[in-house]
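Please have a look at the sequence and the model before I go on.

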Amino acid sequence: MMPLAAFALAGCLAVGAGNDRVLAGDLAAGFPEWASVPPETPLGLAPAPGAQRVFRVLELRRLAERWGLSPVPDREICVTRPVAVFTAGQLLAAMQNTAQKELPAAHIEVFDFSRQPAPEGALAFPLPGLRQGPAGGYWNGYVSYGGNRRFTLWARVKVTAAAPRVVAAQDLKPGLTLDAAQLRVEMREEVPAAGFVIAVEEAAGKVSRRSIAAGTALRAEWLEPAKAVLRGETVEVEAVRGGARLTLECIAEASGAIGETIAILNPVSRRRFQARVQSKGRVAATKGSL
């Protein structure tokens, strides 16, 4: 919450940060006769941040008559929603509050920030507002005020955090099954990002789709399950027909990992059908394919 003066514009009274209406309590801060009206009584819409809302004498007299005020107002009243510029320290504190919950031990650097006067209210920088690359980026936040209103702020930042990364211990070639001995785990201070492999078990036994230089952190999208069946090899097919369970040898017409469905050719009948890969060299005919 920013410390703001009660009179922000040439003697204007300040509207409460959490209200979208001017309340009787706002006027009572400068005009004691309004203290006889319940303080939460709405008297009109609150102005935009930094703007004025002027209650003219005729309007005040109508309100005074309604609430039985005495003496009757004889001059207009100005109200405003105070504004001030947040400091870099205030923005950083709000970002650290988010980081403590969602990016523990994150290091945040603020290089520049919005200096537009903002209304009094709760400052927040939610994690979805952070957009950055390796060199940093922008974090969009807001001030909550006037009920459910938000005033947008921005900051140019760089946010890094220590995170585990599985890296190649040697140059890795595409198409070969990875062994745990070819990988290692390192803690790296980096810009937080999804999609990296963080445990050796997630990569060992899989196949790299691309060449990976030694020391490179592995991304999950670069890996695929090893093929348990290769195109052109003979596989054992398990099929159920009626109440009987049959096994026969067929030819795989595509490669597939465990759980994938591939095309199979019966070399005797020359009939093609679909089967799901179960293990190395074994498949099961899908229902209705035979």
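Predicted model: local features only at pLDDT ≥ 70, side-chain atom pairs only at ≥ 80, totals over all residues.

Cys250 counts as buried, because its relative accessibility is 0%, where buried means under 20% relative accessible area, exposed means over 50% and partly exposed lies in between, computed with a 1.4 Å probe on protein chains only. Residues are numbered from 1 along each chain as its sequence is written, and side-chain values use heavy atoms, with hydrogens and water left out.

Staying with cysteines, the count comes to 1 disulfide, a disulfide being a pair of cysteine sulfur atoms within 2.5 Å. Which residues does the disulfide join? It joins Cys12 to Cys78, with an S to S distance of 1.7 Å. The pair links distant parts of the chain, 66 residues apart, with Cys12 in the segment before strand S1 (13-14) and Cys78 in strand S5 (residues 77-80); helices (H or I, at least four residues) and strands (E, at least two) are DSSP runs, numbered from the N terminus. The torsion about the S-S bond of Cys12 and Cys78 is about 70 degrees, so this disulfide is right-handed, and both Cys12 and Cys78 are buried.

S1 and S5 also belong to an open sheet of 3 strands, whose order is S1-S5-S4 with mixed pairing; two strands pair if DSSP finds at least two bridges between them. The edge strands, each pairing on one side only, are S1 and strand S4 (52-55). S4 and S5 run antiparallel and are joined by 4 bridges, and Arg53 stands opposite Val79 in S5. Helix H2 (residues 57-67) packs on the sheet and touches S4 and S5, its direction making about 65 degrees with that of S4, where axes are lines fitted to C-alpha atoms, for helices over the stretch in contact, and angles run from 0 to 180 degrees between N-to-C directions.

Arg53 brings me to the charged side chains, since Arg53 forms a salt bridge with Glu59, the closest N and O atoms being 3.5 Å apart; a salt bridge is a side-chain nitrogen of Lys or Arg within 4 Å of a carboxyl oxygen of Asp or Glu. How many salt bridges does the structure hold? It holds 14. One of them brings together Lys227 and Glu260 at 3.5 Å, N to O. Lys227 lies in the loop between S15 and S16 and Glu260 in the loop between strand S17 (244-252) and strand S18 (261-265), so this pair ties together parts that are 33 residues apart in sequence. Lys227 is partly exposed at 31% relative accessibility, and Glu260 is partly exposed at 33%. Elsewhere, Arg165, Arg184, Glu186, Arg188 and Glu190 are linked in a network of salt bridges.

Asp26, found in helix H1 (residues 24-28), is buried yet has no salt bridge, and the nearest side chain of opposite charge, Arg81, is 8.1 Å away; here Lys and Arg count as positive and Asp and Glu as negative, while His and the chain ends are not counted. Leaving aside neighbours within four places in sequence, Asp26 is in contact (heavy atoms within 4.5 Å) with Leu13, Ala14, Val15, Gly16 and Arg21.
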